[in-house]
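Subject: Structure for your review

Dear colleague,

Please find the structure below, followed by a summary of what was found in it. I would be grateful if you would read the two side by side.

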Amino acid sequence: MSDRFALTGARIFDGDDWHDDAALVVHNGLVEAIVAASAVPSGAARIETGGGMLVPGFVDLQVNGGGGVMLNDHPDVASIETICRAHAPFGTTALLPTLITDTPEITAAAVAAGTEAARQKVPGFLGLHLEGPHLSVARKGAHDPALIRPMLDADQAMLIATRKTLPVLLTTIAPESVELSRVSALVEAGVVVSLGHSDTGYARARAFADAGATVVTHLFNAMSQIGNREPGLAGAAIDTGRLFAGIIADGIHVDPATMGIALRAKQGPGRIVLVTDAMATIGTDMTSFTLNGRTIHRKDGSLRLADGTLAGADLDMISAVRFVHRIVGLDLSEALRMASLYPAQALCQSHRLGRFANGTVANIVSLSDDMDVKSVWIGGDRVFGAGVAKGA
């Protein structure tokens, strides 16, 4: 393929507006422009998409696994590649492989793998999400309580050193397990701090946001809830404009009515963003797998431990987009932003991801009118899709 090509024949959503009778021009892996279909630059290869929509590639802040592997079980570059490949057919073009609370040895291996994946420029790899171990046992969810512990000086130093080797590093912490001053130090070093798996109250959550925390992990799940006299972490996430909040839109983790209430109430500029919290099952027909030695069962659209505790999600990103559009009732443009632009903003990456503008990465998803994924490009290279006709 030419290093300059133009995708034609579809409506184009640039992250803000829709463009009809237009072409998306890509050059050397970057978006060059959106032009009239009749004004494609000479020398650019025309690729006819066959209708539907072209939308910015999805960005997922929380991906525990996919393609049959979990990062915890196989913290190596091959697993990161497998996870990224597994999610690409569902429109995810940039993701954070997520390590659930584990031993220092497994954590070190995952960090080393992430560093090498970044060096190799693995398609779809954006950085790491370390979810724990500095959480609250009271809101442990599926995390092993024996591995949850407070953050120490060595942990803080490790996170700061790791950030220097990765494009993005996000860590989920609970205020109960981390001193407030550590948050400021992490944020100053470029680490994205997310609050989650916590029973903290509203005031302390706001204090951590003041110290630099900017994200809340899987809103409403594994956190203190909104009460009449104590709004909890869930209330702080919605009421604090600086905070972005991930949400698992599968209809199991959060009721659609609750999602709608939260979306209408959310204070900005921080937004609610879609996350999959996906496990090894994505892209496979497996019915169970293990995490920290415990079996997780796949049944009726959910993943659960033997005692019924939800353990991640059996969810891909295009399904989450369809859910908030069709079931929750969001406008399609907003549903798409929740999967692309808003998570990119949460990671301070919207200058290059989550939208189409001159110089942004050519991460592109071709959707049918029924919102099925037809083709996917990462950095201008098509990584999913077959039978796309090429024009002269």
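Of the 392 residues of the protein, 57% count as buried (buried means under 20% relative accessible area, exposed over 50%, and partly exposed in between, with a 1.4 Å probe and protein chains only). Please note that this is a predicted model, in which local features need pLDDT of at least 70 and side-chain atom pairs count only at pLDDT 80 or more, while totals for chains, interfaces and linings use all residues. Residues are numbered from 1 along each chain as its sequence is written, and side-chain values use heavy atoms, with hydrogens and water left out.

Overall form

The C-alpha trace spans about 60 × 45 × 45 Å along its principal axes. Among contacts (heavy atoms within 4.5 Å) with a separation of 6 or more, 68% join residues 24 or more positions apart.

Secondary structure

The protein has 10 helices and 23 strands (DSSP runs numbered from the N terminus: helices are H or I of at least four residues, strands E of at least two). Strands β18, β19 and β20 form, in that order, an open sheet with antiparallel pairing (two strands pair if DSSP finds at least two bridges between them). Its edge strands are β18 (288-291) and β20 (302-304), each pairing on one side only. Strand β19 (residues 294-299) and β20 pair over three bridges, and lysine 299 stands opposite serine 302 in β20.

Salt bridges

The whole structure contains 12 salt bridges (a side-chain nitrogen of Lys or Arg within 4 Å of a carboxyl oxygen of Asp or Glu). In one of them, arginine 139 and aspartate 199 meet at 2.8 Å, N to O. This pair links distant parts of the chain, 60 residues apart. Arginine 139 is partly exposed at 27% relative accessible area, and aspartate 199 is partly exposed at 39%.

Aspartate 155 and arginine 149 form another, with the closest N and O atoms 2.8 Å apart; aspartate 155 is buried at 11%, whereas arginine 149 is partly exposed at 28%.

In a further pair, arginine 322 and aspartate 372 have their closest N and O atoms 3.6 Å apart. Arginine 322 lies in helix α8 (residues 317-326) and aspartate 372 in the loop between β21 (364-367) and β22 (373-378), so the pair ties together parts 50 residues apart in sequence.

Yours sincerely
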